[in-house]
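Let's walk through this model together, one piece at a time. Keep the structure open beside the text as you read.

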There are 2 protein chains.
Amino acid sequence: MELQHIDKVTIASWDRFYRANAINALVGVKPVSLIGTISNAGTPNVAVFSSMVHLGSNPALIGYINRPRAAAPDTLANIEATGVYTINHIHASFVAQAHQTSAKYPSEVDEFEAVGLTPIYRKGCVAPFVQESMLQYQLQLVEIVPIQHNGTFLVIGSVENIWLPHNVLQADGFIDVASIGTISSAGNDAYYTTQLLQRFAYAKP
Amino acid sequence: MELQHIDKVTIASWDRFYRANAINALVGVKPVSLIGTISNAGTPNVAVFSSMVHLGSNPALIGYINRPRAAAPDTLANIEATGVYTINHIHASFVAQAHQTSAKYPSEVDEFEAVGLTPIYRKGCVAPFVQESMLQYQLQLVEIVPIQHNGTFLVIGSVENIWLPHNVLQADGFIDVASIGTISSAGNDAYYTTQLLQRFAYAKP
């Protein structure tokens, strides 16, 4: 099949939202979750992020990319202030509320209330979890790595606690997140359901 | 619904592969692609990675996590040597070959030959593309950021060229990668098909 070629001059000529949609979609269908935090003043925050990345399992480290401070200040400031945050899977039943958290609410607004999601608090964690989520985990801040080229940050946390439905963790540690209806995303504003295609054995030469 | 609670003591007690599977699956269904590189000696390399992350669209920057050098040396060394690499979407038709590239072949082995994929070369790019892939893009190395806590690296590249089927790029820049059969992955060894659920308007308070 003959493919269409797009060069960097064309990419640079694109309108801002058009380019964001296209470049974002290049990585493919990706994780999306709600990050729950709380400010020192006690205002809960919940915001949608689609940049979670597994960094390693020993220690258990997960990262996410936070946009520049001017574009997305609250989640980052709250994590810096408290050192703790939660990541909560999104399901089709509340995808509209999850997407609505991407709106730029003032810092003093509680997005849980604004979008209609339910915060829950657990012992030993000041940050709120999203009750509607079937897979929730708690992170302790490890490091915030500034990315010099565009003002973003790689925020690294260690996995402290996990909550998920009973009987979902399989005999080999695998979790088929499609079986609990976790959705993924692509581009600026698209959400995807997923279906397990195939698992493989550990590959050897 | 009452959820199962797993704490960090339990996580630390898990077997290595079990823990990798579980912690990996926490992020949800995620991008997976083949990275094409070439060594200074001219040996092509192709390897599967499931850690691509969109860093920004102006400039167009995409990152991926490279495991510690001892675990995954070739791709990183080739990118350092040549400064250029390709990222190629994976489809169900060659998912077995793609997974097989995760085997630890010696540096002098051409994985394209070893697993049965076809390299193609394009003007101005020494790194090979994967001919079987319907969406391919070329990256110029921008920075390799070491992650101190576990010896991994965030490899950042700028998008130089894109190849994709005609009529896939939509009027607003969106690319529905499910429409070209791009698959995603989860855990250590699971691959997923995806289906567009819903798109939303830009969210405002």
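## Strand S3 of chain B and its partners

In S4(B), Ala47(B) is the bridge partner of Ile35(B). The two strands involved, S3 (residues 33–38) and S4 (residues 44–49) of chain B, run antiparallel and are joined by six bridges. Strands here are DSSP runs of E with at least two residues, helices are runs of H or I with at least four, and both are numbered from the N terminus; two strands pair if DSSP finds at least two bridges between them. S3(B) and S4(B) make a hairpin with five residues between them, and in the turn Gly42(B) has a positive phi of about 95°. S3(B) also pairs with strand S7 (residues 84–89) of chain B, in the antiparallel sense over four bridges, and there Gly36(B) stands opposite Thr86(B).

This is a predicted model: local features need pLDDT of at least 70, side-chain atom pairs count only at pLDDT 80 or more, and totals for chains, interfaces and linings use all residues. Residues are numbered from 1 along each chain as its sequence is written, while chains are lettered from A and ligands numbered from 1 in the order in which they are written.

S3(B) is mostly covered, with six of its six residues buried. Buried means that 20 or more other C-beta atoms lie within 10 Å of the residue's own; 12 or fewer makes a residue exposed, anything in between partly exposed, and the C-beta atoms are placed from the backbone. Ser33(B), Ile35(B) and Thr37(B) point one way from the strand, Leu34(B), Gly36(B) and Ile38(B) point the other way, and all are buried. In a regular strand the side chains alternate between the two faces of the sheet.

## Ile38 in chain A

Over in chain A, Ile38(A) is found in strand S3. Ile38(A) counts as buried because it has 23 C-beta neighbours inside 10 Å. Leaving out residues up to four places away in sequence, Ile38(A) touches several residues, including Pro44(A), Asn78(A), Thr82(A) and Val126(A); contact means C-beta atoms, placed from the backbone, within 7 Å. Ile180(A) lies 142 residues from Ile38(A) in sequence and 27 Å away in space, C-alpha to C-alpha.

## Strand S6 of chain B

Strand S6 (residues 60–66) of chain B is largely enclosed by the rest of the structure, because seven of its seven residues are buried. Ala60(B), Ile62(B), Tyr64(B) and Asn66(B) point one way, and Leu61(B), Gly63(B) and Ile65(B) the other.

Which strands pair with S6(B)? One is S5 (residues 53–57) of chain B, antiparallel over four bridges, with Ser57(B) opposite Ala60(B); S5(B) and S6(B) form a hairpin with two residues between them. Another is S11(B), also antiparallel, joined to S6(B) by six bridges. In that pairing, Val155(B) is the bridge partner of Tyr64(B).

## Helix H3 of chain A

The buried residues of helix H3 (residues 73–82) of chain A are Asp74(A), Thr75(A), Leu76(A), Asn78(A) and Ile79(A). They pack against several strands of chain A, among them S3, S4 and S7. After H3(A) comes Gly83(A), with a positive phi near 75°.

## Where the two chains meet

A rotation of 180° with 0.0 Å of shift along its axis superposes chain A on chain B, with an RMSD of 0.0 Å (least squares on the C-alpha atoms of residues with pLDDT of at least 70 in both copies). The two copies are thus related as by a two-fold rotation axis. The copies meet through the same surface, because 100% of the interface residues of chain A are also interface residues in chain B.

The contact takes 93 residues from chain A and 93 from chain B. Helix H2 (residues 16–26) of chain A gives the most to its chain's side, with 11 residues. In H2(A), the buried residues include Ala20(A), Ile23(A) and Leu26(A). The buried residues of H2(A) pack against S12 of chain A together with S5, S6, S10 and S11 of chain B. Strands cross the chain boundary too: S1 (residues 4–7) of chain A pairs with S11 (residues 152–164) of chain B in the antiparallel sense over four bridges, and Gln4(A) stands opposite Leu164(B).

Notes
Two residues are in contact if their C-beta atoms, placed from the backbone, lie within 7 Å.
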